[in-house]
Amino acid sequence: MGNASAGVGGWLFGSDESTYVVLRLNDSRSITLGPTEELCGYISLSPVGEPAPRVRRRAPSQFAVRADMTIVVEFRVGKAGEATLDRCVGEVRLPLEHIA
């Protein structure tokens, strides 16, 4: 995503075109995890888009986005290996139209 504004006519200037991005969870600060807990990011794309895979420390997520989308990541904590994680610890919104 970092090179999206490198040239005129890039993917970011047309909302019909999509490109794949990779989202990684590199670090978390001020979040206390128990010995059997893990942190996971639940990704959704707005406006309506397919749910993207979850992002974890050792498991990046890859998905397609358009310039008119916002990536929303809700961070949750719970027992490692569980299908759903219990405790919401934060949310990040990345409106892609503001990157260029």
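I will go through confidence, strands, core and a few individual residues, in that order.

This is a predicted model, in which local features need pLDDT of at least 70 and side-chain atom pairs count only at pLDDT 80 or more, while totals for chains, interfaces and linings use all residues. Residues are numbered from 1 along each chain as its sequence is written, and side-chain values use heavy atoms, with hydrogens and water left out.

Let me start with confidence. pLDDT is the predictor's confidence in each residue, from 0 to 100. The chain has an average pLDDT of 79, and 78% of its residues score at least 70. Over residues 1-9 the pLDDT stays under 50. With contact meaning heavy atoms within 4.5 Å, the model has eight contacts beyond four places in sequence for that stretch. Where pLDDT is low, the predicted coordinates should not be read in detail.

Next, the secondary structure. Helices (H or I, at least four residues) and strands (E, at least two) are taken as DSSP runs, numbered from the N terminus. On that basis the chain has zero helices and six strands. Mean confidence is lowest in strand β1, residues 18-23, at 88, and highest in strand β6, residues 87-95, at 90.

How are the strands arranged in the open sheet of four? Two strands are said to pair if DSSP finds at least two bridges between them. The sheet has the order β3-β2-β5-β6, and its pairing is antiparallel. β3 and β6 stand at the edges with a single partner strand each, so one side of each is left without a neighbour in the sheet.

Strand β2, residues 37-46, and strand β5, residues 70-79, run antiparallel and are joined by ten bridges; Leu-45 stands opposite Ile-71 of β5. β2 also pairs with strand β3, residues 55-56, over two bridges in the antiparallel sense. There, Cys-40 stands opposite Arg-56, and Gly-41 stands opposite Val-55.

I turn now to the interior. Buried means under 20% relative accessible area, exposed means over 50%, and partly exposed lies in between, with a 1.4 Å probe and protein chains only. Buried residues make up 31% of the 100 residues in the chain. A nonpolar core is a set of buried Ala, Val, Leu, Ile, Met, Phe, Trp, Tyr and Cys residues joined through side-chain atoms within 4.5 Å. Which members of the largest core touch the most other members? Of its 15 residues, they are Ile-43, Leu-45, Phe-63, Val-65 and Ile-71. β2, β4 (61-66) and β5 each supply at least two residues of this core, and the largest share, four residues, comes from β5.

Leaving aside residues up to four places away in sequence, Ile-43 touches residues including Leu-23, Pro-51, Val-55, Phe-63 and Val-73. Ser-61 is also among its contacts. Ser-61 lies in strand β4 and counts as buried, at 1% relative accessibility. Its side chain reaches the backbone oxygen of Pro-53 at 3.0 Å. With the sequence neighbours up to four places away again left out, Ser-61 touches Val-21, Val-22 and Arg-54, among others.

The C-alpha atoms of Asp-27 and Arg-57 are separated by 7.7 Å, although the two are 30 residues apart along the chain.

Ser-30 has its place in the loop between β1 and β2 and counts as exposed, at 81% relative accessibility. Its phi is near 65 degrees, a positive value in a residue other than glycine. Most residues other than glycine have a negative phi.

Finally, the cysteines. Cys-40 is buried, with a relative accessible area of 0%, whereas Cys-88 is partly exposed at 42%. Taking a disulfide as a pair of cysteine sulfur atoms within 2.5 Å, the count comes to zero.

How values were computed:
Polar contact = N/O pair within 3.5 Å; in protein donor to acceptor, adjacent residues only side chain to side chain.
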